[in-house]
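User: I would like to learn how to read pockets, cavities, surface patches and salt bridges in a protein model. Could you take me through them, giving the general idea first and then the case at hand?

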Amino acid sequence: MNETALTSRWVTAERKALREMVDRFTKKEIVPFLAGWEQEGALPRSLHEKAAAVGLLELGTPESAGGAGDYIDFLIVNEQIILSGGSSGLCSALMTHSISTPHIVASGDEYLIDRYVRPTLAGKLIGSLGVTEPGTGSDVSSIGTRAIRDGDEYVVSGAKTFITSGTRADFVTTAVRTGGEGHRGISLLVVDTDSAGFRVASKLDKMGWLCSDTAELTFDEVRVPARNLVGEEGTGFRQIMRRFESERLLMSVQAVATAQRSLDLTVDWARARYTFGQPLTSRQVIRHRLAEMSRQVHSARSYVRDVVSRWADGEDVGAEVAMAKNTAVFTCSFVVDEAVQIHGGMGFMRESEVERHYRDARVLGIGGGTNEMMNEVIAKKILDN
């Protein structure tokens, strides 16, 4: 990757040092074990503790809640893990706190921050975000998991599905219905997974992100302290929507990094692989494919980083965030497909890293808002002007 072509905001001396540290960490603590974690279907809790020990989990969280750095620092960590041989699936599991704790931090509730956020950033707890339900999909306003107030507690009943880190989580920041129908009736509650009535109904098998455990959860009259309410009743939908942009930018960065890593692996393969006595790079069709892969990666990275920087500066870039996500996802889809094709039979083998990226890339156009939902966001901005 040509760092000189990137904006200075992403290549400061401090961030170069951060990348070097993440590179060392990834090659020592992740790459040698990733295939085994893919087979096991989950990451060990010890990896969270190791990542916290070197300061990776605290980045992007305000200092007032035990964090450090800003969101770009957090994005750089995700990007570099992938560029150094990790995967987007690994990032999704290791960094689940990025979707389970921000709502708590934003609420300013010191009790909840001390009880859940600080231990999570220290690698002592693992959190999940429970929003999606069977039958509702992306329609957050239609969730049915009910929380009924009973004195100093809420009684929660319902189900959640596609929950990242759901089998390992110590707590789930859960979207529940405390009021009437529609988005105004939704609130957020932090539910401890050791509570009576909480159960991991099933561990879900997926196409990709194999090292990232995903679960279906059930709540059978789970009693949750009322003090675990995040913010005020009826504000859950608004809280969830506010966090979507950061999640979409994270997935955009992961998509571009996956594409870059796949391109790097493919260039190395094409140089080393000989057919009919000549390296693959001697074939014009291969050179042109590599050129197109590189063009798309560079274009997507430049746009994503521009949108991230504007978002970090507080600009209203909701439509641009949607554009960035789709741009990154479409680039990643193209590049990983070309990478497998150029690798030939080896690209179809589980021992090949590009095979994993090919599988992992597919979910990026679904999670955080589907490609179609992103186009709706973009269309609304165009048509309302």
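Analyst: What follows is a walk through these features in a predicted model.

User: Let us begin with the open spaces: how much space lies in the largest pocket, and which residues are closest to its centre?

Analyst: A pocket is an open set of grid points with protein on both sides. In this model the largest pocket holds about 1500 Å³ of space, and of the 50 residues that line the largest pocket, E247, I366, G367, G368 and G369 are the closest to its centre. At least two lining residues come from each of several elements, among them the strand β3 (153-164) and the helices α9 (236-272), α11 (318-343) and α13 (371-384), and the largest share, 10 residues, is supplied by α9. Sorted by class, this lining has 21 nonpolar, 17 polar and 12 charged residues.

User: What are the volume and the lining of the second largest pocket?

Analyst: The second largest pocket has about 280 Å³ of space, and its lining counts 14 residues, of which L34, A35, E38, R350 and R356 are the closest to the centre. Two or more of the lining residues come from α2 (34-40) and likewise from α12, while the division by class gives 4 nonpolar, 3 polar and 7 charged residues.

User: How many cavities of 30 Å³ or more are there, and what lines the largest cavity?

Analyst: A cavity differs from a pocket in that a probe fits inside but cannot get out. The count here is 3 cavities of 30 Å³ or more, and the largest cavity has a volume of about 70 Å³. The lining of the largest cavity includes S98, H103, R243, F244 and E247, with α6, α7 (102-107) and α9 each giving two or more residues, and α9 supplying the largest share, 5 residues.

User: Which classes of residue line the second largest cavity?

Analyst: The second largest cavity, with about 50 Å³ of space, has a lining of 4 nonpolar, 6 polar and no charged residues; H48, T96, H97 and T120 are among them.

User: Which residues make the nonpolar surface patch, and where is M349 placed?

Analyst: A patch joins residues that have over 30% relative accessible area and no salt bridge. M346, F348 and M349 make a nonpolar surface patch of about 310 Å²; M349 sits in the loop between α11 and α12 and counts as partly exposed, at 35% relative accessibility.

User: Which residues are linked in a network of salt bridges?

Analyst: D306, R310, E315, E320 and K381 are linked in such a network.

Methods:
Residues are numbered from 1 along each chain as its sequence is written. This is a predicted model: local features need pLDDT of at least 70, side-chain atom pairs count only at pLDDT 80 or more; totals for chains, interfaces and linings use all residues. Side-chain values use heavy atoms; hydrogens and water are left out. On a 1 Å grid over the protein atoms alone, a cavity is a set of points where a 1.4 Å probe fits but cannot get out, and a pocket is an open set with protein on both sides within 12 Å along at least five of seven lines; lining residues have an atom within 4 Å of a point. Grid points are joined across faces, edges and corners, and a volume is the space filled by probe spheres set on the points. Helices (H or I, at least four residues) and strands (E, at least two) are DSSP runs, numbered from the N terminus. Ala, Val, Leu, Ile, Met, Phe, Trp, Tyr, Cys and Pro count as nonpolar, Asp, Glu, Lys and Arg as charged, and the others, Gly among them, as polar. Patches are made of residues with over 30% relative accessible area and no salt bridge: like charges are joined within 9 Å, nonpolar side chains (Val, Leu, Ile, Met, Phe, Trp, Tyr) within 5 Å. Accessible areas come from the Shrake-Rupley method with a 1.4 Å probe; for residues, only the protein chains shown count as cover. A salt bridge is a side-chain nitrogen of Lys or Arg within 4 Å of a carboxyl oxygen of Asp or Glu. Buried means under 20% relative accessible area, exposed over 50%, partly exposed in between (1.4 Å probe, protein chains only).
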